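Biologist: Could you walk me through this one while I have it open? I'd like to start with the backbone.

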Amino acid sequence: KPSGLISLTGNASATLLAVATPAKVTVGVNWDDQQRSHLSMDTNGRLTYTGEKNFIGAISVSASAYLSAGTKTLRVYVAVNGAAVVGSKVIASATNPTQSTFATTWQRVFAPGDYVELWIDNLTDGTSVVVTDAVIRVG
């Protein structure tokens, strides 16, 4: 059965955000390959299904993040094929300098070439967010 797990540890690069506009998490360090079968990964945080047949797979993402300033409302998403999955979003308040944690799940029918990423946005303003640690799992 296809499955994959990648992780991010110790990132210090900020993801620049526009208000209420989901964006792929930006990292200054590589994502690490923990385990994969029928999925490829890239060091920018993407898991891509490489199998030949469609399969139903669960997706989970979790992240720790902090803001460059203030208290803001953030949303974290599962993103599939370059678009945030609206139904997967979780909303939480985050306050600088405290680390906030987020986790969400989704499920979909994967076709060959489909890919998954972690996306985030800021509902309050354009303040950037640093995602320091994260995990993306497909299985």
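Biologist: Where does His38 lie?
Modeller: His38 lies in the loop between β4 (32-37) and β5 (39-42), where strands (E, at least two residues) are DSSP runs numbered from the N terminus. This is a predicted model, in which local features need pLDDT of at least 70 and side-chain atom pairs count only at pLDDT 80 or more, while totals for chains, interfaces and linings use all residues. Residues are numbered from 1 along each chain as its sequence is written, and side-chain values use heavy atoms, with hydrogens and water left out.

Biologist: And what is the phi of His38?
Modeller: The phi of His38 is near 65 degrees, a positive value in a residue other than glycine. Most residues other than glycine have a negative phi. His38 is partly exposed at a relative accessible area of 46%; buried means under 20%, exposed over 50%, and partly exposed in between, with a 1.4 Å probe and protein chains only.

Biologist: What about Asn81, what is its phi?
Modeller: Asn81 has a positive phi of about 55 degrees, although it is not a glycine, and its place is in the loop between β8 (71-80) and β9 (83-84). With 34% relative accessibility, Asn81 counts as partly exposed.

Biologist: Which residues does the cis peptide bond join?
Modeller: The cis bond joins Asn96 and Pro97, with omega about 5 degrees, and Pro97 is found in the loop between β10 (90-95) and β11 (100-110).

Biologist: Switching to strands, how many bridges do β7 and β11 share?
Modeller: Strand β7 (residues 55-67) pairs with β11 in the antiparallel sense over 11 bridges, where pairing requires that DSSP finds at least two bridges between two strands. Ser64 has Thr101 in β11 as its bridge partner. β7 also pairs with β13 (residues 129-138), antiparallel over 9 bridges, and there the bridge partner of Ser62 is Val135.

Biologist: Now the rings, how many aromatic pairs are there?
Modeller: The count comes to 3, taking rings of Phe, Tyr and Trp (its six-membered ring) with centres within 6.5 Å, and calling planes under 30 degrees apart stacked, over 60 edge-to-face and the rest tilted. One of them is Tyr49 with Phe110, edge-to-face at 6.4 Å centre to centre and 70 degrees between the planes; Tyr49 in β6 (46-49) and Phe110 in β11 are 61 residues apart.

Biologist: Is Phe110 buried or exposed?
Modeller: Phe110 counts as buried, at 0% relative accessibility. Phe55 and Phe110 form a stacked pair, 5.1 Å centre to centre with 15 degrees between the planes, and ring pairs link Tyr49, Phe55 and Phe110 into a cluster.

Technical notes
Helix = DSSP H or I, 4+ residues; strand = E, 2+ residues; numbered from the N terminus.
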